[in-house]
Amino acid sequence: MKNTLLAATVLFASSSFALAETIEVEMLNKNEAGDRMVFGQELIKAKVGDVIRFIPTDKSHNAQSVKDALPNGQEPFRGKMNKAVEYEITETGLTAIICLPHQNMGMVALVVAGDDVSNAEQVLKARIPGKGGKKIEALIEQARSTVPTAENASEQNS
Ligand SMILES: [Cu+2]
């Protein structure tokens, strides 16, 4: 009986892990490297089914998607100031994330879902001001270099 229960528990734990994860991203006034007004993770690798949870570790931040800077069919989201918010990934591709009050100071992040960078050009067209826009460009470059197969596939399609 005990062994059956253990086997069932292991099976459940491993299958739920494979199905979906919750990825926690803190909203910070300062990270360990000393950068101010930042998300705890800036290049967020995820897959369809995952939930990205933005956590208000420090005050006066929010997290939200940017208009037209997310995969086709993916629901946008907009978190309230000082509140946790979840972004459920339903489509592969890139999503630009900003903190509204600090985007021009560079408080942005890029979600890469399913190693798909095929909407990179669309995300680059989103007008994110100041340091945030520059950081999104750099993160897209980084994403492209880490997922060469998806990049090759998108070049063949375009
Ligand atoms: Cu902020």
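Visitor: Among contacts between residues at least 6 apart in sequence, what share joins residues at least 24 apart?
Guide: In the protein chain that share is 63%. Keep in mind that this is a predicted model.

Visitor: Okay, and what is the chain built from, in helices and strands?
Guide: There are four helices and eight strands. Reading from the N terminus, the order is α-β-β-β-β-β-β-β-β-α-α-α.

Visitor: How much of the chain is buried?
Guide: Of the 158 residues, 41% count as buried.

Visitor: Switching to the metal. Which residues coordinate the copper ion?
Guide: His61 and His102 each use ND1, Cys99 brings SG, and Met107 brings SD. The distances run from 2.0 to 2.5 Å.

Visitor: And what geometry does the site of the copper ion have?
Guide: Tetrahedral, with angles among the four donor atoms of 90 to 133°.

Visitor: How are the donor residues spaced in sequence?
Guide: The pattern is H-x37-C-x2-H-x4-M. Histidine 61 sits in the loop between strand S4 (51-55) and strand S5 (64-65), while histidine 102 is in the loop between strand S7 (93-98) and strand S8 (108-113), so this pair ties together parts that are 41 residues apart in sequence.

Visitor: Are those two histidines buried or exposed?
Guide: Histidine 61 is buried, at 0% relative accessibility. Histidine 102 is buried too, with a relative accessible area of 10%. Both get that label because buried means under 20% relative accessible area.

Visitor: What about aspartate 68, what is its phi?
Guide: Phi of aspartate 68 is near 65°, again a positive value in a residue other than glycine.

Visitor: Where does aspartate 68 lie?
Guide: In the loop between S5 and strand S6 (85-88).

Visitor: And how accessible is aspartate 68?
Guide: Its relative accessible area is 46%, so aspartate 68 counts as partly exposed.

Technical notes
Residues are numbered from 1 along each chain as its sequence is written. This is a predicted model: local features need pLDDT of at least 70, side-chain atom pairs count only at pLDDT 80 or more; totals for chains, interfaces and linings use all residues. Side-chain values use heavy atoms; hydrogens and water are left out. Donors are N, O and S atoms within 2.8 Å of the metal (3.2 Å for Na, K and Ca); water is not among the atoms, so sites may look incomplete. Four donors count as tetrahedral if all angles lie between 85 and 135 degrees; four count as square planar and six as octahedral if opposite donors are over 155 degrees apart and all others between 65 and 115; anything else is irregular. Helices (H or I, at least four residues) and strands (E, at least two) are DSSP runs, numbered from the N terminus. Buried means under 20% relative accessible area, exposed over 50%, partly exposed in between (1.4 Å probe, protein chains only). Contact means heavy atoms within 4.5 Å.
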